[in-house]
Amino acid sequence: MKLYKYCKIRHLENLIENKIYFPNAGMLNDVYEGAFTFNVSDNMKIPFYQTFYPFDYQRIINGNYSHEEIQNSIVDYNWDGFKTDLGIASFSSINNSQLMWAHYADEQFGICLEFNSKCFPFNNAKPVNYSSRIYTIMINCEKHIALDYLDKKFIELSYQKCDEWKYEKEWRINYTSESFLNYEPTALTAIYFGCNTSLADRKRVIEATSHIEGLKYYNQLLHRNGQYRIAFVEMAVPEKEKIISQKSSDN
């Protein structure tokens with residue numbers, strides 16, 4: 001299986017150094033990224049408060065707060081932590097989405113990277129689950145307030161998104177927020193250029209990845225047979241050499 005990453009042509013040092021960046025979840029473009037709620041049974045409300053307010057739950061219990069207010073406070077605190085502490089690298093299982101070429105690949109001026117999912121760290125990628133409802137963590141017995149259970153649920157949360165995003169067919173890798181992971185150069189198997197990518201930018205990308213043996217490059221074609229479809233044709237060696245020979249000032 002191949003994983004694809006649509007991106008603008010910037011930070012070429014990432015290509016040169018074979019590394020993937022993990023922005024924190026709050027930097028992603030979904031306002032509901034990491035959104036969740038709890039469903040707490042009546043018999044578990046006190047233990048639930050004790051878990052998240054271990055030192056002052058009596059003040060919370062004795063205060064004039066509704067369960068909804070307490071729960072929303074717990075959700076907000078943990079949602080903020082989720083968006084700050086977790087790094088997420090996003091990929092797709094498809095490379096021909098017109099919407100993603102427009103949104104993530106600089107309106108077709110960018111590129112799409114193809115990775116071998118059998119190679120590290122791409123072998124750790126998991127598919128996103130899409131739903132019309134916000135992710136709910138059930139709390140109805142003692143084991144549901146155990147840290148291992150809650151940790152598992154927050155990990156699951158990182159792979160949940162609203163079903164309006166399902167066209168992206170997203171896969172994710174989680175890691176430390178705002179950090180990098182290196183991959184073996186041969187894990188990058190192909191680079192696809194947008195139909196608006198300039199010759200100068202193609203040259204920059206090809207030069208930045210010239211150390212990768214066997215790497216393939218593709219130009220994008222727009223179908224003219226009555227269908228809204230994107231296709232690709234592999235760049236021949238003479239064409240690649242011609243692009244490399246272009247002066248840096250070419251556009």
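Biologist: So where is Thr-84?
Modeller: Thr-84 is in helix α4, residues 67-85; helices (H or I, at least four residues) and strands (E, at least two) are DSSP runs numbered from the N terminus. Keep in mind that this is a predicted model, where local features need pLDDT of at least 70, side-chain atom pairs count only at pLDDT 80 or more, and totals for chains, interfaces and linings use all residues. Residues are numbered from 1 along each chain as its sequence is written, and side-chain values use heavy atoms, with hydrogens and water left out.

Biologist: What is Thr-84 in contact with, leaving aside neighbours within four places in sequence?
Modeller: Asn-24 and Ser-177, with contact meaning heavy atoms within 4.5 Å.

Biologist: And how far is the C-alpha of Thr-84 from that of Pro-23?
Modeller: They're separated by 9.3 Å, though the two residues sit 61 apart along the chain.

Biologist: Switching topic: which residues touch the most other members of the largest nonpolar core?
Modeller: Ile-111, Phe-122, Leu-188 and Ile-191, out of 29 residues. A nonpolar core here is a set of buried Ala, Val, Leu, Ile, Met, Phe, Trp, Tyr and Cys residues joined through side-chain atoms within 4.5 Å; buried is under 20% relative accessible area, exposed over 50%, partly exposed in between (1.4 Å probe, protein chains only). Another core, of 25 residues, lies apart from that one and includes Tyr-49 and Ile-70.

Biologist: How many residues of α7 are buried?
Modeller: 7 of its 10, including Asp-201 and Arg-202. The buried ones pack against α1, β5, β12, β13 (216-222) and α8 (237-244).
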